[in-house]
Amino acid sequence: MASERQEQGTEQTAEVILQLVQRLGTELHPTRTAAATATLDSLLDRELGFDSLGRVELLARIERALDISLPEQVLATAETPRDLLRAAQQAVAPVGPGAPSPALKPALREEIGETPDDAGTLIEVLDWHVRAHPARPHIYLITETGAEEEISYAALQQGAGAVAAGLRERDLRPGQTVAIMLPTGRDYFHSFYGVLLAGGIPVPIYPPMRVSQIEEHLRRHARILANAGAAFLITFAEAKPVARLLRLQVEGLRTVVNVAELAVAATPVSGLKPGPTTASPVQPQDIAMLQYTSGSTGNPKGVILTHANLLANIRAMGAAAQARSTDVFVSWMPLYHDMGLIGAWLGSLYHAIPLVVMSPLTFLTRPERWFRAIHRHRATLSGAPNFGYELCLRRIQDRDIEGLDLSSWRMAFNGAEPVSPDTITRFCERFARYGFRQETMAPVYGLAESSVGLAFPPPGRAPIIDRVRREPFMREGRALPAGADDTNALRFVACGRPLPGHQIRVIDGTGHEVAEREEGRLEFQGPSVTSGYFRNPEQTQRLFHDGWLDSGDLAYMAGGDVYLTGRVKDVIIHAGRNIYPHELEEAVGNIAGIRKGCVAVFGSTDPASATEKLVVLAETRETGEAERERLHESINAAAMDLTGTLPDDVVLAPPHAVLKTSSGKVRRAASRELYERGVIGTPSPAPWRQYAHLLRAGVLPQLRRTLRALGALLYAVYAWTLFWLLAPPVWIAVALLPRPSWSLGVIRAAARWLQRLSGTPLRMEGIENLPRGPCVIVANHASYLDGIILTAVLPGTFSFVAKREFAAHPVARVFLRHIGAEYVERFDLARGAEDARLLARTAQRGQRLVFFPEGTFTRSTGLLPFHLGAFIAAAEAGVPVVPVTIRGTRSILRDGQWLPRRGTIGVTVGPALQPEGSDWPAAVALRDAARAEILRHCGEPDLA
């Protein structure tokens, strides 16, 4: 009887699983008949079309229907519904509604007063921690069962030392590359540092999602291993037999080994324990690792990252995020990806932040475990690509996280892929009841070529979503703010400001920097920047332009923040518009009969007419003529609604025609290559139609952009012509006039003529705040234009305070002396203090003084720290300080840029600030109050 009941239960479970497989398979592929006729032995991927995320959804439905909790390995091992049935029969009961929250486990919160700031390599960083606190917990490794393994700094070094000794035993030479293909776990941490300790170069590559994919997976990786020149491959036991076959394809790959074999082979030298000693001294400029992107197949690009690059990036990210050893970081991001490897692990290691880490598989199958780990450890830092936050919204039920408290979370980094304004808005709203604050969400920007991070928002700032008018942006690349009633506005998310020590610029097609809210190509500089791609001089040469690295991204800047708008290679110029593929791909994917997520939109150059065609490649299983005609019409309608133009070619292709990377991203360039080779799609249009498209889709847009660039160049020539027509007679008049007030009058008139004739709008506010008597005027400094603008707008007489270096310049000296300028020493402290006292006496005599307290200006957007000289003079003289804010001059003529751009200038005179005493504290109070007022109006970030 018991066996009969068991058999009956098995049949019922099998029926439930098959129904769920058939139902979900039909949802994913509405026209696919295989799902409706699925059996227990149907292949989930090849026959039923379940990708990784489809499997995740299937497992979630099975768990809910059967009220069970499946092991997370099922996602990687199950190939058929029968495999799911076996797993379901062995599953345990889930954590039910109302179950108690996991007990809090406060991680080590001891403040470490210092960090290894003098360390020049990652090896020195680990050495420093082992000397300072060897037993301090470094990693809490969450296993599949939920148990935690603790790894201290000393344990990490000891395990890495064993791996290093094993590699040396196998004759690893200094500078040789070692590929690491391991899942998240203790072996990965030991292997990465073990390679470094042995003098090698780690090359992280991603492991296969399922064991059955190992052969195909390694075949794809052969090009990466060959490009890296990997001598060793450290992998897991199951992959070894197939991995050995790679030796036939990868010249130089001589050893495939796992960590256990390395540890066994390790024979420490007499009197020397496995540890930090390396085969040869490692220098900061030595290569620390090669980072290959997931989509690298045909021509792999391994980003070269030195120890100096990585440490500069880790330190800059730590400063931007205000990282402390009292933080706790929870991560599920894979360790073969720079965000998980550098941002989460190595960043936590450097700052002595306890790292709670789980495998990506755990997150995909149980995303609520991410939240539980944050709650349990009172974590403050964590992050994910945008899809991770979206997965939480779709998969996590309220019952899964009942009683959890996310209020300790202070920065939720969102990067590595385009940040969706909808996702961050819904995530903040959905999980607010669990203590998640809006200001915790932190959209960031980075790329492997900058180690990992490039721009971070300030901690504690809510996400900024910029709404811009669609038409001006698509036609001219101008990000003009949209009105609240504009329902057709485009939305972009602010991804932060450049990390300390790094710079970002946005350039146009001529290579010149654009103004704020103008779209262009994003380039960057900084100590984190790679020197190029490993063994790929051709791609390396394309990477740099005049010392700036080309990100390949399109963006605009506003208020010091960077807004990513797309990829350069993906943007399609069609009928005078910039078409952004991801938006149209999403719309087409929502059409019934089109496979969602299996749409590629790209531009293709027609060889006959040299014009760029807009091509929509969409997968479908429809074969009927009438149904395919309906799909064509629906795609055309979607394209017209979004872009205002019809595509030149709509290709309805069979499943798997749209190529993707390992992470599921559409490979537009590769799909375009297949299209242009004629492997997919329809015959080219007739010649007459191609020529008809010439004006509409090619010549006119290019002509419009050429005219814009030419117009900008002509404007710059015109502006400089105006300046040099006015400058010589003004200088002569100033040199000859006997009174500074007369000289100021000439300069003021010329400045106003220059402003008007150059067509530069000037808005003045708060002039009534300027006292008639003596005062000290302080203004922010962003451009060479600032002095001209202040002369144009400030009434009466005043004296500029200039740096003493100008007194030695023959042309500047004559000019400044005749307008009554005063000088101040910047470098000699004693002389500077004396100058401040002299200026105080000048102010007491009734003279108004104008200071630029930043002392200088840079091309980077932001307000620099203020020097105290102006405020000491005001406090000692007992005169008010008047803060004046200048906006727009940096965009018109930035430091290092000699082609002025069109723009608008604003000047705001703030309320006068009275000194509350004549001593040092009074001067400091004046400085802080004046700087806060200028910062409030300048629209730029605080660089102090």
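Me: At what angle do helix H12 and helix H13 pack, and how are they therefore oriented to each other?
Reply: In this predicted model, H12 spans residues 307–321 and H13 spans residues 338–350, and their axes lie 10 Å apart. The packing angle is about 85 degrees. Angles of 65 to 115 degrees count as roughly perpendicular. H12 and H13 are therefore roughly perpendicular to each other.

Me: Which residues of H13 does H12 meet, and how does the contact divide by class?
Reply: From H12, the contact draws on Leu-310, Leu-311, Ile-314, Arg-315 and Met-317. These meet Ile-342, Gly-343, Leu-346, Gly-347 and Tyr-350 in H13. By class, the contact residues are seven nonpolar, two polar and one charged.

Me: How are helix H20 and helix H21 oriented to each other, and what is the handedness of the crossing?
Reply: H20 (residues 581–589) packs with H21 (residues 625–643) at about 140 degrees, the axes being 10 Å apart. Roughly antiparallel would require an angle over 145 degrees. H20 and H21 are therefore oblique to each other, and their crossing is right-handed.

Me: Which residues form the contact of H20 with H21, and how many of them are nonpolar, polar and charged?
Reply: H20 contributes Glu-583, Leu-584, Ala-587 and Val-588. Their counterparts in H21 are Ile-635, Ala-638, Ala-639 and Leu-642. The contact has one charged residue, no polar residues and seven nonpolar ones.

Me: How far apart in space are Phe-602 and Val-615?
Reply: Val-615 is among the residues in contact with Phe-602. The two are 13 residues apart in sequence. From C-alpha to C-alpha, the distance between Phe-602 and Val-615 is 5.5 Å.

Me: Which are the edge strands of the open sheet of seven strands?
Reply: The strand order is S28-S34-S33-S29-S32-S30-S31, with mixed pairing. An edge strand of this sheet pairs on one side only. The edge strands are S28 (762–765) and S31 (822–824).

Me: In which sense do strand S30 and strand S32 pair, and which residue stands opposite Ser-799?
Reply: Strands of a sheet pair through backbone hydrogen bonds, either parallel or antiparallel. S30 (residues 799–803) and S32 (residues 849–851) pair over two bridges in the parallel sense. The residue opposite Ser-799 is Leu-849.

Terms used: Residues are numbered from 1 along each chain as its sequence is written. This is a predicted model: local features need pLDDT of at least 70, side-chain atom pairs count only at pLDDT 80 or more; totals for chains, interfaces and linings use all residues. Side-chain values use heavy atoms; hydrogens and water are left out. Axes are lines fitted to C-alpha atoms, for helices over the stretch in contact, and angles run from 0 to 180 degrees between N-to-C directions. Helices (H or I, at least four residues) and strands (E, at least two) are DSSP runs, numbered from the N terminus. Angles under 35 degrees count as roughly parallel, over 145 as roughly antiparallel, 65 to 115 as roughly perpendicular and the rest as oblique. A crossing is left-handed if the near helix is turned anticlockwise from the far one by less than a right angle, and right-handed if clockwise. Contact means heavy atoms within 4.5 Å. Ala, Val, Leu, Ile, Met, Phe, Trp, Tyr, Cys and Pro count as nonpolar, Asp, Glu, Lys and Arg as charged, and the others, Gly among them, as polar. Two strands pair if DSSP finds at least two bridges between them. Lists of a residue's contacts leave out its neighbours within four places in sequence.
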